[in-house]
Amino acid sequence: MFSLFHGLWNHVFSKTEFRVLILGVHKSGKTTLLEKLKSIYLKGEGLPHDHIGPTVGLNIGRIEDANVKLVFWDLGGQPGLRTIWEKYYDEAHAIVYVIDSASASTFEDAKSALEKVLRHEDLQEAPLLVFANKQDLPAAVTEEELDRHLHLKEFDERPYMFVAGSAYDGTGIKLGIDWLVEEMGKSRRTEALRTRTDTYAKF
Ligand SMILES: Nc1nc2c(ncn2[C@@H]2O[C@H](COP(=O)(O)OP(=O)(O)OP(=O)(O)O)[C@@H](O)[C@H]2O)c(=O)[nH]1
Ligand SMILES: [Mg+2]
């Protein structure tokens, strides 16, 4: 009887947990974004910019919003490390793809790496937030210019949104996360992952 009530209690009151991959080419600002996310949602400090080096392994960040728990996986974006990304696709509910909007010379690489991510069958239907980072720099292009450059609509049907922002000053972050949480809440991918977990739980 206790376990029945316990299960019911958990079902009604526990927060849904979503796993979000933070991807993008090296130096686009993924880890800085993760630290800013933590400082905004956990109201702590987060690592100072000058303490953040290139990521080689995996950084994990956990935050809680009003109704959900979010687990972020931040991976290294150097070319030799991108093969590791796909090990995490199968379990992820959504993707945040970070682009350095002030570095036009990296756009082609960012585009082809993103195309590869979106083509992968383990990430089907995962909502995509493209974070046009470093808007605090004068050279930054707008999210519309970036959208035009990447031509995502031409090959992908999944829900996606471009948000301009800065991992330094925090602009765009809440807007992007609110959108992502809403999309994950109603996405077919979330439904598929939930069904899979329920099936495993029966065995
Ligand atoms: N001006 C500015 N610089 C930023 C911003 N976000 C990150 N940076 C800088 O960009 C550089 C790369 O930042 P990281 O967060 O290490 O980039 P990353 O994408 O995690 O890089 P890898 O781990 O190598 O893939 C650092 O010098 C950061 O301080 C931003 O919003 N504005
Ligand atoms: Mg990093």
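**Layout.** I read the pattern along the sequence as α-β-α-β-β-β-α-β-α-β-α-α, which comes to 6 helices and 6 strands. I took both from DSSP runs, numbered from the N terminus: helices are H or I with at least four residues, strands are E with at least two. This is a predicted model, where local features need pLDDT of at least 70, side-chain atom pairs count only at pLDDT 80 or more, and totals for chains, interfaces and linings use all residues. Residues are numbered from 1 along each chain as its sequence is written, while chains are lettered from A and ligands numbered from 1 in the order in which they are written.

Buried here takes 20 or more other C-beta atoms within 10 Å of a residue's own, exposed takes 12 or fewer, and partly exposed lies in between, with C-beta atoms placed from the backbone. Of the contacts with a separation of 6 or more, 75% join residues 24 or more positions apart; a contact needs C-beta atoms within 7 Å.

**Core.** I then checked the largest nonpolar core, which has 46 residues. Such a core is a set of buried Ala, Val, Leu, Ile, Met, Phe, Trp, Tyr and Cys residues joined through C-beta atoms within 7 Å. Its largest share, 6 residues, comes from strand 4. Val130 is one of the residues with the most contacts inside the core; not counting residues up to four places away in sequence, Val130 touches Tyr97, Ile99, Tyr160 and Phe162.

**Helix 4.** Which residues of helix 4 are buried? I get Glu143, Leu146 and Leu150. After the helix comes His151, with a positive phi near 50°.

Lys27 has phi near 70° and sits in the loop between strand 1 and helix 2. Glu125 has phi of about 70° and belongs to the loop between helix 3 and strand 5.

**Ligand 1.** Last, I counted 22 residues around ligand 1 (C-beta within 6 Å), with Gly29, Thr32, Pro54, Thr55 and Gly77 the closest. Helix 2 gives the largest share of this shell, 3 residues.

Definitions and conventions:
Two residues are in contact if their C-beta atoms, placed from the backbone, lie within 7 Å.
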